[in-house]
Amino acid sequence: PLLIKAGFSTTISLSNLDPIAYVHTGDFLINHTVYEGGKYIQYKPGSAATVDLIGYWSRWGSPMVLGFVSSIFNLRSYQTYSILITLFFALSFPLVYILAKQLLEKERSYLLIFLIFLTYAFNSTMLYMLYNVFFAQFAFLGIFITTFILVSSYFSDKKKLINFNNYDLLISLCLSALTIIYLEGLLFVIVPLIIFVTVKLFQKNFIYIIYLVKVIVLTFILNPISFGNALRSNYVIFISTTKAATIGWEKIRYVLPYEMIGIYNLYYSRNLPVFIAILLSLIIVGIMLVGLFKSKQKLFITSFLGFFVLLYLMFALVFKNFFTYHRAVTYTLFIIPILFTCGMLAIIDFTKNKIFVITIMTVISLLSFRSSYRTIYQLYWHPRVVDKQLISLSELNNNKNK
């Protein structure tokens with residue numbers, strides 16, 4: 001859609017107006033500091049977006065990246081926004097594949113990469129978020145998955161790494177980046193790690209508390225201001241999301257497991273009959289449980305998955321907030337395709353029937369393509385584009401009489 005509908009380097013969105021905040025802030029940070037971004041400048045309406053993103057949300061990392069890339073290519077931030085977020089998403093796909101390969105007991109590279117492609121890279125739920133251009137979320141996603149890979153490797157390493165080591169440094173750099181790029185993301189890493197280490201302590205494995213303390217201390221040393229700000233902001237954001245509020249977004253139904261893996265479109269398909277929806281959900285959850293049982297590091301995955309499911313239930317049943325629920329799902333969606341893929345491969349290994357394999361792959365492919373096409377169709381025919389007429393308004397700045 002960017003190439004065919006717009007035809008030049010610009011921002012294209014399905015409906016979300018996040019680019020207003022990010023491109024103004026990205027351009028602002030090319031020649032200004034973060035400390036200057038918290039003040040509204042009279043007669044410059046773009047500064048309101050900068051105050052919101054830097055002063056209120058403390059998300060200066062993503063527009064820093066946007067401004068940095070734009071500066072390198074001598075472009076405005078609106079010209080690099082859509083391309084950059086698409087690259088972020090594209091580069092997260094191999095990370096999900098690497099993590100799935102790491103957690104899988106038996107390697108099946110071709111089927112593994114194909115199923116991950118269908119259920120993650122071509123996932124209609126992920127494409128919806130991509131086409132609504134949630135810039136910081138996709139920057140966060142890559143760091144989150146990388147952190148997951150590193151921590152998983154750290155805990156599965158046979159050596160007793162009591163002294164500071166490369167794992168500590170790399171994980172701390174990732175956590176430090178999270179506090180700048182997407183500070184809410186720190187909650188999705190730290191809490192599951194605390195759960196995992198607590199269980200290990202009950203099992204008399206005290207070395208894991210040393211691993212966790214090392215990483216947290218090093219993260220603080222690397223970036224004390226952002227780390228402290230992230231802890232404070234996470235508390236404020238969590239409290240605000242548990243309150244009833246009007247959400248300025250189209251009503252989205254609470255996503256079910258078969259919609260999470262992208263075989264049915266959450267946004268542009270009718271609700272399935274209740275019986276079929278429950279049955280499909282139970283089948284998907286069953287396959288995921290097989291994947292969890294067959295994967296390596298079951299306790300580690302369960303610690304993260306358990307926390308994610310707790311958030312889903314909390315925002316669906318206790319603090320009913322469909323948008324926060326939806327965001328929590330899309331932040332953590334990478335783990336769902338991985339468990340589903342691991343489960344499918346375990347079932348395929350058990351049956352060893354080629355006709356069954358071909359049938360299953362064909363059905364999942366057709367459902368996935370049909371579902372994703374509905375989202376792609378919307379962006380192709382109904383995009384919001386920073387077009388040439390809108391861009392021409394910037395020429396008003398050159399007219400000193402206005």
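Which residues line the largest cavity? Keep that question in hand while loading the model, which is a predicted one.

**Stop 1: the cavity**

Select Val151, Tyr154, Phe155, Ile171, Leu193, Tyr211, Leu212 and Val215; these residues form the lining of the largest cavity. Helices α8 and α11 are the elements that each give two or more residues to that lining. The volume of the largest cavity is about 50 Å³, and the count of cavities of 30 Å³ or more comes to one. The idea behind such a search is simple: rolling a probe the size of a water molecule over the atoms shows where empty space is left.

**Stop 2: the largest nonpolar core**

Now colour the largest nonpolar core, which has 123 residues. Within this core, Tyr120, Phe334, Ile335 and Ile338 touch the most other members. Helix α8, residues 135–156, supplies the largest share of the core, with 15 residues.

Centre the view on Phe334. Residues up to four places away in sequence aside, phenylalanine 334 touches Val96, Leu99, Tyr120, Leu141, Phe144, Ile145 and Phe148. Another core, of five residues, lies apart from the largest one, and its members include Phe28, Leu29, Ile54 and Trp60.

**Stop 3: helix α3**

Just after α3, select serine 58, where phi is positive, at about 55 degrees.

**Stop 4**

Where is valine 133? Valine 133 sits in the loop between α7 (124–131) and α8. Its phi is near 45 degrees, a positive value in a residue other than glycine. Valine 133 counts as buried because its relative accessibility is 1%.

Move on to lysine 204, in the loop that runs between α10 (185–202) and α11 (207–222). Phi here is near 70 degrees, again positive in a residue other than glycine. Is lysine 204 buried or exposed? Lysine 204 has a relative accessible area of 63%, so this residue is exposed.

**Stop 5**

Select serine 176 in helix α9, residues 166–181. With a relative accessible area of 8%, serine 176 is buried. Leaving aside neighbours within four places in sequence, the contacts of serine 176 are Thr219, Leu222 and Asn223.

Finish at serine 281, in helix α14, residues 274–294. Serine 281 has a relative accessible area of 10% and falls below the 20% cut-off, so it is buried. What lies 2.8 Å from a polar atom of the side chain of serine 281? Display the backbone oxygen of alanine 277, which is found at that distance. Beyond four places in sequence, serine 281 is in contact with Leu256, Pro257 and Tyr258.

Technical notes. Residues numbered from 1 in each chain as written. Predicted model: local features only at pLDDT ≥ 70, side-chain atom pairs only at ≥ 80, totals over all residues. Heavy atoms only, no water. Helix = DSSP H or I, 4+ residues; strand = E, 2+ residues; numbered from the N terminus. Core = buried A, V, L, I, M, F, W, Y, C linked by side-chain atoms within 4.5 Å. Buried < 20%, exposed > 50% of the residue type's maximum accessible area, 1.4 Å probe, protein only. Contact = heavy atoms within 4.5 Å. Polar contact = N/O pair within 3.5 Å; in protein donor to acceptor, adjacent residues only side chain to side chain. 1 Å grid on protein atoms, 1.4 Å probe; cavity = no way out; pocket = protein on both sides within 12 Å on 5 of 7 lines; lining within 4 Å. Points joined across faces, edges and corners; volume = space filled by probe spheres on them.
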